[in-house]
Amino acid sequence: MPVYSDKVMDHFMNPRNVGEIEDADGIGEEGNPVCGDMMTFYIKVNDSRLSDVKFKTFGCGAAIAVSSIVSEMARGKTLEEARKITPALVAEELQGLPKNKHHCSNLGAQALNKAIDDYLSKQGKPVKTRREEKRNG
Amino acid sequence: MRRVYLDNTATTPLHPEVVEAMLPYLRDIYGNPQSIHNWGDAPREAIEDARAKLADLIGSRPEEIIFTGSGTESNNLAIKGLAQAYQGRGKHIVISAIELFSVIHLAKTMEKRGFAATSVPVDGYGLVKLDELAKSIREDTIVVSIMHANGEVGTIQNIKEIAKLLKGRGIVGHPDNRLPGNASFCIEFIEGEAMLMLLSSWGIAASSGSACTSKALKASHVLTAMRIPPEIAQSSLLFTLMRDNTEEDIEYVLETLPPIVDRLRQMSPLYAKFLKKQRGGR
Ligand SMILES: Cc1ncc(COP(=O)(O)O)c(C=O)c1O
Ligand code: FES
């Protein structure tokens, strides 16, 4: 078993916000190219804030802990703030991840971003992905 | 909490009789068996005695038995030794796709040393395809190394048929392994590492061939060779038993595992999709 921090173990053993949102405003699904796992995020948006965030994850202990902490970090944030949840921040919030488990934190941030993209496109608003933001500085 | 150890292919406790037999040599009796002085006499006698007993068990001559420090060392010695001894006759070795890495990596090393190696595929049950094996054997084949039983999925090869293919052709067979108490599963829609972590929190040790449980993040080469789809390989769970495991141990596992499976399935998007499909939706 990889050496996980207490925080990872806590979020793995007692994951927060597991589930689906029936009438979600946005859904984001991301597959893991490294090991083939999958994460789905569901969001509700109120006044440009994430009023509810839920997830389902098929993956390792780290992936489950990552989705749980991402859901906690994202709740109550504005869409812009939620976009700033990077894999590095997720790993830091979890008191670190083993080296070969960093790709699991990418998965969480990406799935959340896709859910936000989905919400924006459903609203007919322009979807500005993080990649484009980066490219544009 | 009950503690149940079911990861015995990885490592297993010594049999108490072995401990008993070894204790004098770990504690009081020492000396290099090659030495001229008589400290070496007792260890030498013990080793020769063990060699004779083993030879008797398998019907060989004592001098044909070589002790090594590990399985990997034995496989290396056997295959490299045979290759070197018979290289005048040929330079081709055959293995199966589900051998241990100690054999697979060795075959790659031999290729760098001017030998040719063929890896024979297996079917969906992990059985070596005999027709492929027959085709792989060439004039210059000197060694065929195929494990008798696979410690990961429990497949037992038809070693008699394999031996028939080799008979009378001057090819040496190297059948690695035998195995009792192996129970290998794939529990769909959930991942192995997560299962192992929850099982461990309930005092149960098992193992998995999922990509997430491996350092290299690759699914087990055995499951891959069997063409098990990646998402099914992700859900691999393996219990390997030892003589000390009791009926109660297994009952405890049977009580503990289903709630763990349920709990992870409730979290799994794949399971949700499966349920929706079953209900006739998308
Ligand atoms: C049949 C067989 N050969 C070789 C090995 C590798 O053994 P070791 O870890 O002692 O090098 C194992 C280990 O599981 C094995 O089961
Ligand atoms: S999801 Fe596969 S290693 Fe984390």
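I begin with ligand 1, where one of its oxygen atoms is 2.8 Å from a polar backbone atom of G71(B). T72(B) places a polar side-chain atom 2.5 Å from an oxygen atom of ligand 1. On the nitrogen side, an N or O atom in the side chain of D176(B) is 3.3 Å from a nitrogen atom of the ligand. A polar contact here is a pair of N or O atoms within 3.5 Å; within protein, one must be able to donate a hydrogen and the other to accept it, and residues adjacent in sequence count only if both atoms are side-chain atoms. Taken alone, ligand 1 exposes 390 Å², and the protein buries 59% of that (Shrake-Rupley areas, 1.4 Å probe).

Some conventions: this is a predicted model, in which local features need pLDDT of at least 70 and side-chain atom pairs count only at pLDDT 80 or more, while totals for chains, interfaces and linings use all residues. Residues are numbered from 1 along each chain as written, chains are lettered from A and ligands numbered from 1 in the order written, and side-chain values use heavy atoms, without hydrogens and water.

Around ligand 1, with a heavy atom within 4 Å, are T9(B), S70(B), G71(B), T72(B), N75(B), L100(B), D176(B) and N177(B).

What, then, of the cavities? On a 1 Å grid over the protein atoms alone, a cavity is a set of points where a 1.4 Å probe fits but cannot get out, and a pocket is an open set with protein on both sides within 12 Å along at least five of seven lines; lining residues have an atom within 4 Å of a point. Volumes are the space filled by probe spheres set on the points, which are joined across faces, edges and corners.

The structure holds two cavities of 30 Å³ or more. The largest, of about 40 Å³, is lined by residues of chains A and B, including F58(A), I64(A), I190(B) and M267(B). The second largest cavity, about 30 Å³, is lined by I79(B), I93(B), I95(B), V103(B), A107(B), V143(B) and S145(B).
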